[in-house]
Amino acid sequence: MSALAEDGRSPSMAEGGLLAVDGLELRVRVSARRRRFALTVEPDAGLTLHTPEGRPVSDGEDFVRAHRSWLVGKIGLREATRPLNPAKRLTEGEVFRYLGRTYRLALVADQPTRKSVRLSAGRLAMSEETAADPERGREALVDWYCRAGQKWAAGRLQPWAARMVVAEPALDVRDLGTRWGSFRSDGERPGTGLMSLGWPLFQLPMHLVDYVIAHELAHVRVSGHRTDFWRLLGQALPEYQERKNELDELGRRMWMGEIA
Ligand SMILES: [Zn+2]
C-alpha cells in the first residue's frame, strides 16, 4: 500500500478508500475542513481514519501505527460488548422469554381477536394467519409484551417508590429502541413524571426488571448519573452494580423485535 508516486512522494489518500496497516484495515474519510488525523472505532468494530485533504498515504499509515495499541484495545472492548440480539421465527415451538422464563410459540387456527397473542397453558398462542405475516406477527408480540409488562410493572412501582421515598410516577411500556427505560419529569410538578419501560426488558428475570425500575425511580429525585444518583440507588438497592453488569451482559442477547 505504500506505493510511491512518480514524483517520489507517496500518493494522497482517497475518500472512501481502504487503508491496510499491519493487519488492521481502515476506511478512509477525507474532509476539507479537517486539520488533523483522527481515528474512530464504529459500533460494529469497523475502523475509520479521518484525514485532511491531500495527505500522503504514508502519513496515514504512520498515524495508524502510532495509535495501534489504542485501536486494538478499543476493538477488544467493542467485541466484548457487541449486541448479539437474535432474530426470531414465527414458527411453532419458537422460544420467547418473559420475566426470565421461556415460553414456546403455539400457532393456532382460531384466536378470538385475530391480531392478539395470549399466554395459554404455558404457551404463547398466536393465530396462524397472524404468524404468516411477519410485520403483523411482530406487532402482535410487541403488543403482548407491552400489555403484560405494564400489568406486572404497575405492581412493582409502589413498593419501590415507597422504599426510595419518591412519588410514584405514571408508567408506560412501549418501544424505546435500545434503551431499557427512561424517566421524564413533569415540569409543572417537580418530583413527579412519567416512567417509560421498553418492552424487551420484560424478557429478563424479575430482579433485572426491578433494577431498571429502581434506576428510573432514582431519576425522580436526581437527574443524570453523577455520584449522588448512584448513592441514592445504592441505598435502595445495594447490589445495583452486579445487577447493572448482569443487565449489560444478558441484555445484549435479548430479542429486540427482529423477525427472521
Ligand atoms: Zn439513568
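Ala131 touches Leu90, Leu107 and Met126, leaving out residues up to four places away in sequence. This is a predicted model. Ala131 sits in helix H3, which covers residues 128–131. The relative accessible area of Ala131 is 11%. Buried means under 20%, so Ala131 counts as buried. Val108 is 23 residues from Ala131 along the chain, and the C-alpha atoms of the two are separated by 9.5 Å.

Next comes a strand residue. Thr51 belongs to strand E4, residues 47–52. Its relative accessible area is 0%. Thr51 is therefore buried under that cut-off of 20%. What is Thr51 in contact with, leaving aside its neighbours within four places in sequence? The contacts of Thr51 are Met13, Val28, Arg29, Val30, Ser31, Arg34 and Phe37.

Now turn to the metal site. The zinc ion is coordinated by three histidine atoms: NE2 of His215, NE2 of His219 and NE2 of His225, at 2.0 Å. Along the chain, the donors follow the spacing H-x3-H-x5-H. Why are His215 and His219 separated by about one helical turn? Both lie in helix H5, residues 206–221, and they are 4 residues apart, so about one helical turn separates them. Are these two histidines, His215 and His219, buried or exposed? Both His215 and His219 are buried. Thus the zinc ion has His215 and His219 among its ligands, and these two residues come from helix H5.

Key:
Residues are numbered from 1 along each chain as its sequence is written. This is a predicted model: local features need pLDDT of at least 70, side-chain atom pairs count only at pLDDT 80 or more; totals for chains, interfaces and linings use all residues. Side-chain values use heavy atoms; hydrogens and water are left out. Buried means under 20% relative accessible area, exposed over 50%, partly exposed in between (1.4 Å probe, protein chains only). Contact means heavy atoms within 4.5 Å. Donors are N, O and S atoms within 2.8 Å of the metal (3.2 Å for Na, K and Ca); water is not among the atoms, so sites may look incomplete.
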